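Have the sequence and the 3D view open as you read, and take the points in order.

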Amino acid sequence: MTAAGLVASVGTRRWLETYAGEVSNIALVLIAIGSMAVRMPFTLQYARERVDCAYWHSPDFLRTNYVITGVWGLALLVAAVAGGYGDLVLRDPDNLWTGLIIQIAAIIAAVRFTAWYPGIVRTRVQRERGTGQGV
């Protein structure tokens with residue numbers, strides 16, 4: 001978008017300034033959905049940095065990454081819809097709620113879920129297997 005902004009007309013730059021956040025968030029939603037569609041949720045690369053390779057192909061590990069990727073996709077969609085509502089319906093790109101609070105709250109929720117959910121899955125797996133090991 002930066003490259004487009006450098007060579008774009010004044011009107012296009014104005015459009016980019018207004019809608020760049022929504023366009024970026026929608027692009028990331030599509031990446032999240034696409035990564036799940038090709039059976040490689042985008043969180044896998046990050047999760048593999050923190051989890052022993054013995055668990056990388058376990059159904060619980062993979063399902064956990066699908067869920068977390070889905071939550072990120074939803075959070076980014078909420079941010080895009082909030083920003084779009086502020087821009088298109090309220091005609092106020094600087095609206096505190098739609099331009100900032102709702103969007104940040106969605107991202108914080110995704111960050112917190114990402115930190116919380118693997119522990120829940122790990123505990124459930126340990127309980128089911130009766131072992132001290134998990135995902």
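1. Start with Thr43, which is buried in this predicted model. Its relative accessible area is 9%, and buried means under 20%. You will find Thr43 in the loop between α2 and α3.

2. Which residues does Thr43 touch, leaving aside its neighbours within four places in sequence? The contacts are Asn65, Ile68 and Thr69. With Asn65 there is also a polar contact: the two side chains are joined at 2.7 Å.

3. Next, the aromatic rings. A search of the whole structure turns up four aromatic pairs. One of them is Trp15 with Tyr19, a tilted pair with 5.2 Å from centre to centre and 45 degrees between the planes. Both residues sit in helix α2 (residues 10-37). Because they are four residues apart there, about one helical turn separates Trp15 and Tyr19.

4. Are these two partners buried or exposed? Trp15 is partly exposed, at a relative accessible area of 45%, whereas Tyr19 counts as buried at 17%.

5. Trp116 is partly exposed, with 48% relative accessible area, while Tyr117 is buried at 16%.

6. Finally, look at Phe113 alongside that pair. Ring pairs link Phe113, Trp116 and Tyr117 into a cluster.

Note on methods
Residues are numbered from 1 along each chain as its sequence is written. This is a predicted model: local features need pLDDT of at least 70, side-chain atom pairs count only at pLDDT 80 or more; totals for chains, interfaces and linings use all residues. Side-chain values use heavy atoms; hydrogens and water are left out. Rings of Phe, Tyr and Trp (its six-membered ring) pair if their centres lie within 6.5 Å; planes under 30 degrees apart count as stacked, over 60 as edge-to-face and the rest as tilted. Helices (H or I, at least four residues) and strands (E, at least two) are DSSP runs, numbered from the N terminus. Buried means under 20% relative accessible area, exposed over 50%, partly exposed in between (1.4 Å probe, protein chains only). A polar contact is a pair of N or O atoms within 3.5 Å; within protein, one must be able to donate a hydrogen and the other to accept it, and residues adjacent in sequence count only if both atoms are side-chain atoms. Contact means heavy atoms within 4.5 Å.
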